Amino acid sequence: MAILTQAEAKRIIDKALSYAKADETSVSLTGGRTGNIRYARNSVSTSGEADNLALAVTAVFGKRSGTATINELDDASLEKTVRRAEEIAKLAPENPEYMPMLGPQTYLQTNTYAESTAKIDPEFRAKAAFDSIGPCKTKNLTAAGYMEDTTGFTSIGNSKGLFGYNRSTGVDFSITVRTADGLGSGYANPDVNDVTKLSTKAATEVAMSKAVASVNARALEPGKYTVILEPTASVELLQNMMFSMDARNADEGRSFLSKKGGGTRLGEKLFDERVNIITDPMNAELPLSPFGGGGGGGGGAGRFGGGSDGRPQEKVTWVEKGVVKNMPATRFWAEKKGIKAIPPPTGIIMMGGTESLADLIKSTTKGILVTRLWYIRAVDPQTLLYTGLTRDGTFYIENGQIKYPVKNFRFNESPVIMLNNLEALGKPVRAGGHLIPPMKIRDFTFTSLSDAV
Amino acid sequence: MNRRHFNQLLGMGTAGILMPPLPAFSRPVSPEMLLEPGLDVAVKKRLADAAMNAAKSKGATYTDVRIGRYLNQFVVTREDKVQNIVNTESYGVGVRVIADGCWGFAAVVDAKSEADLAKAAEKAVAIAKANAKLMKQPVQLAPQKGYGEVSWKAPIQKNAFEVPIKEKVDLLLSVNNAALKNGANYVNSILFMVNEQKYLATTDGTYADQDIHRIWPLSTVTAIDAKTGKFETRQGLSAPVGMGYEYLQSNPADKITGITTRYNKGYDMLEDITAAAKQARAKHAAKSVEAGKYDLVLDPSHLWLTIHESVGHPLELDRVLGYEANFAGTSFATLDKWQSKSFNYGSKQVNLFADKTQVGSLGAVGYDDEGVQTKRWDLVKDGTLVNYQAIRDQAHIIGENESQGCCYADSWSSVQFQRMANVSLAPGKTPLSVQDMIKDVKKGIYIIGDGSFSIDQQRYNFQFGGQLYYEIKDGQIAGMLKDVAYQSNTQEFWNSCVAVCDEKDYRLGGSFFDGKGQPPQSSAVSHGSSTARFNGVNVINTARKI
């Protein structure tokens with residue numbers, strides 16, 4: 001497996017930089033292993049494993065940059081790749097928004113690596129699938145699932161002395177269980193770095209109980225309902241909102257954060273005062289890389305224009321007591337506007353309370369429990385109106401109890417409106433790479449019914 | 001899914017994402033390298049034979065070898081700036097085998113020697129044998145005759161990679177300039193070009209060398225009203241196509257004039273962006289739609305996406321069978337509905353067909369990724385469901401003794417599986433123009449261009465938006481509308497189809513990045529139609545205040 005140590009990575013990056021003749025040069029070195037197993041109809045359909053090791057060099061002359069990559073790391077290959085990047089750079093058009101590379105940075109020490117995950121092998125994956133398929137077969141249910149594990153490292157360096165190294169692991173597991181008659185469907189999608197925290201059997205049992213409980217769903221009239229959104233349901237809406245906070249778009253007048261007559265809504269109270277959203281690479285439950293990959297260059301925004309230019313990831317408060325406190329900006333835009341160049345959010349943490357999902361249900365007179373929202377698409381970027389559907393377990397709640405399953409709904413709702421109609425927040429859990437509380441929302445807008453199970 | 005992420009390139013919040021999905025293992029190269037020839041066909045045959053022989057000696061009963069060279073170029077601009085130019089190449093080999101009745105697959109990057117190929121083949125056999133222990137039923141592969149050494153080339157006139165980058169940059173910057181001059185505050189435009197050089201060898205005796213080209217010019221203009229603080233956008237009305245650079249040569253015969261100009265096999269980007277800028281500005285003054293039932297007149301630049309989501313996907317056999325249950329979902333179009341021979345998918349006017357041979361389409365190839373010669377077949381005939389889209393190991397499930405040629409992998413490193421063919425609505429058999437269609441509509445909306453799209457996991461309930469909406473009152477276009485989206489149910493919607501314009505109006509739309517599978521793979525697919533009318537569809541108003 002191609003996991004290099006910090007010392008090995010530094011030696012190779014320094015060697016590559018020693019060949020550089022451009023005004024500025026950055027190198028990124030990434031490697032690792034991805035493995036997966038996929039099953040459907042209670043049988044494994046595909047499984048695979050791939051190793052990867054790649055070095056990318058970005059050379060810059062003035063405001064022209066070029067990138068070349070290689071997966072052989074001998075000295076001759078390194079030199080050839082540096083020369084190639086320089087040739088490409090000389091032919092590239094000038095990027096008027098190019099920002100000089102960053103100098104040495106101080107990065108936090110985060111803990112994104114778990115040895116247990118790094119040790120996953122094909123037998124482990126087969127057992128994970130077996131633990132999920134087995135219980136379903138016994139109960140005459142049908143499992144379809146997917147597990148993907150990644151173990152890797154990223155190291156960055158540049159000719160101005162910047163250097164960073166980080167190892168990380170991750171496991172993504174999702175399971176859909178359907179009843180034999182196709183009338184019930186359930187889902188679970190736990191999210192961990194450390195595979196010892198994952199039980200595919202336990203996750204499958206959650207999906208199994210939702211599948212069985214969702215059979216013979218009744219139709220309710222579409223309209224405005226109090227909903228309890230499980231974190232797997234709300235996560236994508238919240239993520240979409242957080243990824244739409246870019247300062248430049250807001251300044252340019254084409255964002256939900258643009259203000260009538262010009263300027264942005266920074267400092268305005270846009271949400272219920274219980275809404276607090278941060279990112280924090282040091283969070284013990286959701287550790288993140290201390291830097292973006294890439295190593296510098298680009299339009300102040302990384303090699304390919306992404307947010308990966310080696311800026312340190314720090315704790316950022318995005319929304320405090322419902323007030324917009326910070327917006328991400330490229331280095332180019334930050335300099336132009338005289339604001340701090342905060343990288344875009346990764347690993348969103350929405351603060352919550354101490355109540356469990358069960359507690360939220362118990363305190364609900366009338367409402368709908370939503371397991372998952374699906375096929376979410378933007379309808380209006382101005383208001384962040386999204387549409388999509390409930391899926392894999394939608395239930396009617398009355399007097400603190402789940403009464404019966406209901407047919408799936410299509411919704412048309414904006415997370416901004418949703419976070420103003422907040423009733424209660426539970427204890428945050430990991431979902432889709434974020435830390436999100438279950439939430440109770442009033443007047444959530446369902447616009448039509450779906451026959452889909 | 002991939003396509004959505006790519007669409008974000010053009011929409012709001014583009015600051016962080018400027019990399020569209022590229023084939024695995026893509027590496028940056030110079031533009032000149034995109035014109036270098038790949039391996040000679042004799043070398044490819046020798047390599048493929050080495051893999052097939054090695055697999056056979058280890059006990060494989062079937063082997064296919066895909067030697068792929070995937071070339072991509074994209075040019076990204078906004079206003080007066082080039083934001084990004086990327087040229088990439090991905091080369092490697094994927095070997096798929098059946099051993100002990102089970103599939104196995106292994107891939108190798110930069111494979112150059114017979115030994116590399118033999119090693120991959122042996123690994124694929126080992127994986128097949130390991131997986132066979134967990135298998136429920138052995139693979140049942142539909143028989144397929146070998147075609148010998150054959151080749152297929154997309155019938156392009158001008159390889160887009162031969163056009164100097166400067167010419168492409170100049171085009172996009174002139175397009176952007178035209179947008180800004182005509183009322184746009186901001187404009188993004190992109191040119192995306194793909195060349196797949198694919199060689200497939202199978203133990204059935206096919207050695208197919210194929211050269212596939214795709215191009216997609218795309219753009220979005222934004223017009224801001226400082227007074228109200230509102231912004232409106234309009235995306236270009238181009239289609240991604242299986243053509244060369246000739247798609248960007250404007251040709252009067254390919255223009256469909258009317259309330260706005262639409263394009264067939266040649267796209268006038270400058271003319272369209274000029275209209276887009278004016279229309280984005282005009283949207284600010286457009287009337288907000290009153291929710292209710294309307295007769296919809298849907299242009300092919302819009303209808304392609306509704307066909308894709310509500311016909312293309314639900315009639316993929318792997319979805320019907322449950323193989324996609326954990327991700328993309330299953331399908332309402334279950335086998336019993338097909339077996340009944342009387343399931344009314346749509347009205348009598350509705351004829352939907354799959355076709356992997358349509359010239360200029362994104363899905364056109366000579367042979368699919370398991371050596372089946374491509375063809376055209378009916379899916380819905382006179383409104384009745386008659387068939388699905390299947391591959392060799394599924395054909396027996398629907399009583400076919402040969403595959404329909406729907407097998408595709410997005411890279412040499414991905415395992416091939418069932419993907420959507422070009423699925424299209426056949427034009428009406430009696431002469432009917434768009435003008436004549438609109439003349440009969442009392443209360444309707446004419447929708448042009450694709451917009452927001454969402455459909456449930458079994459493909460019943462959907463919601464679609466567009467780029468341009470025009471109110472139809474008593475047979476006349478009464479003005480522009482905004483805040484429009486329609487919601488319907490697939491069967492109800494296609495049964496509300498009362499008329500389809502004739503073949504003179506037939507055009508292709510399509511998706512460059514349709515996503516499916518875990519890990520996800522993207523594929524490109526076209527959908528053709530003439531303008532069609534659907535009666536009494538539910539329209540909602542999407543305006544909100546935050």
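Reader: What is the handedness of the crossing of helix 4 of chain B and helix 5 of chain B?

Author: This is a predicted model. In it, helix 4 of chain B crosses helix 5 of chain B in the right-handed sense.

Reader: Which residues make the contact?

Author: In general, residues three or four places apart point the same way, because an α-helix has 3.6 residues a turn. Here helix 4 of chain B contributes B:Leu171, B:Ser174, B:Val175, B:Ala178 and B:Ala179. From helix 5 of chain B come B:Met269, B:Leu270, B:Ile273, B:Thr274, B:Ala276 and B:Ala277. Sorted by class, this contact has 9 nonpolar residues, 2 polar ones and no charged ones.

Reader: At what angle do the axes of helix 4 and helix 5 of chain B cross?

Author: Angles under 35 degrees count as roughly parallel. The axes of helix 4 (residues 165–181) and helix 5 (residues 269–283) of chain B cross at roughly 25 degrees and come within 8 Å. The two helices of chain B are therefore roughly parallel to each other.

Reader: How many residues of helix 6 of chain A are buried?

Author: A residue counts as buried if 20 or more other C-beta atoms lie within 10 Å of its own. In helix 6 of chain A, 11 of the 12 residues are buried, so the helix is largely enclosed by the rest of the structure. Among them are A:Pro231, A:Glu236 and A:Met242.

Reader: How many residues of chain A are in contact with chain B?

Author: The contact involves 75 residues of chain A and 54 residues of chain B. Strand 13 (residues 366–380) of chain A supplies the largest share of chain A's side, 6 residues. That side divides into 26 nonpolar, 33 polar and 16 charged residues.

Methods: Residues numbered from 1 in each chain as written. Chains lettered and ligands numbered in written order. Predicted model: local features only at pLDDT ≥ 70, side-chain atom pairs only at ≥ 80, totals over all residues. Axes fitted to C-alpha atoms, helices over the stretch in contact; angles between N-to-C directions. Helix = DSSP H or I, 4+ residues; strand = E, 2+ residues; numbered from the N terminus. Parallel < 35°, antiparallel > 145°, perpendicular 65-115°, else oblique. Left-handed = near helix turned anticlockwise from the far one by under 90°. Contact = placed C-beta atoms within 7 Å. Nonpolar A, V, L, I, M, F, W, Y, C, P; charged D, E, K, R; others polar.
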